Amino acid sequence: MSEAVIHLADVRRSFAQGGVTIDVLKGINLAVQPGEIVGLLGPSGSGKSTLLQAVGLLEGGFTGSIRIASEEAANLSSNGRTLLRKTALGFIYQFHHLLPDFTARENVVLPQLIMGKTRDEAAERADQLLSRLGLGQRLDHRPSQLSGGEQQRVAVARALANRPKVVLADEPTGNLDEATADIVFAEFLHLVREEGSAALVATHNERLATRMDRVVRLHDGRIA
């Protein structure tokens, strides 16, 4: 088996609130292999989003070992963590967070320009991804002109634009109706598998979780 693209060992996170210490993550051990799609299930408050923040290197305060694409986060400077986030990780949230004044194509082009792609290269990649998600006729539409499902498809394309080793998705269809969520999630899984990325997907939806390669259940800050 190849080296895990995500490797967590004894990861912990606590918060001080009103003079009381709240332990949110209580010693998480987890490995995700290249190309593996793992569902992270648990009720609200179980620590799913905090765990994704740990893997996404989005904030400090964590203890334990967090290795992403063979890089130990604790050994990296702030700039090093930012670079690793940009080169190895893609993010999808429950709300799409698209830039409202930019078209679908431009929303997928921008993260590629930040990584040094030419505008022509970035546009070609954006058109390819969006077309594979059924948005070939909607490339020049702004988010306000797209349905909720279409907006989330653009967010999926944006997350994959720079060919990340890992996609982190936090309730990626939680803001959609059930029928649209099923369609968008199926397209998300298909595209991630085609691209060869690994994915860690936080959800409370048992039905969607059955479509993933493996399910990890989080309860009270621990993996059950």
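**View 1. The lining of the second largest pocket in a predicted model.** Ala54, Leu57, Glu59, Gly60, Gly61, Phe62, Gly64, Ile66, Glu72, Ala73, Ala74 and Arg81 line the second largest pocket of this predicted model. A pocket is an open set of points on a 1 Å grid over the protein atoms alone, where a 1.4 Å probe fits, with protein on both sides within 12 Å along at least five of seven lines; lining residues have an atom within 4 Å of a point. The volume here is about 190 Å³. A volume is the space filled by probe spheres set on the points, which are joined across faces, edges and corners. Strand E4 (residues 62-68) gives the largest share of this lining, three residues. By class, the lining holds six nonpolar, three polar and three charged residues. Ala, Val, Leu, Ile, Met, Phe, Trp, Tyr, Cys and Pro count as nonpolar, Asp, Glu, Lys and Arg as charged, and the others, Gly among them, as polar.

Residues are numbered from 1 along each chain as its sequence is written, and side-chain values use heavy atoms, without hydrogens or water. In this predicted model, local features need pLDDT of at least 70 and side-chain atom pairs count only at pLDDT 80 or more, while totals for chains, interfaces and linings use all residues.

View 2. Four strands make an open antiparallel sheet, ordered E2-E1-E4-E5. Strand E2 (20-32) and strand E5 (71-72) are the edges, each pairing on one side only. Strands pair if DSSP finds at least two bridges between them. Strands (E, at least two residues) and helices (H or I, at least four) are DSSP runs, numbered from the N terminus. E4 and E5 run antiparallel, joined by two bridges. Arg67 has Glu72 of E5 as its bridge partner.

**View 3. The largest pocket.** This pocket has a volume of about 480 Å³. Its lining counts 20 residues, with Leu89, Phe91, Pro111, Arg158 and Asn162 nearest the centre. Helix H2 (78-88), strand E6 (89-92), helix H3 (104-114) and helix H5 (148-160) each supply at least two lining residues. H3 gives the most, four. Twelve residues of the lining are nonpolar, five polar and three charged.

**View 4. Packing of H5 and H6.** H5 packs with helix H6 (residues 178-195) at an angle of about 15°, their axes 10 Å apart. Axes are lines fitted to C-alpha atoms over the stretch in contact, and angles run from 0 to 180 degrees between N-to-C directions. The two helices, H5 and H6, are therefore roughly parallel (angles under 35 degrees).

Conventions:
Parallel < 35°, antiparallel > 145°, perpendicular 65-115°, else oblique.
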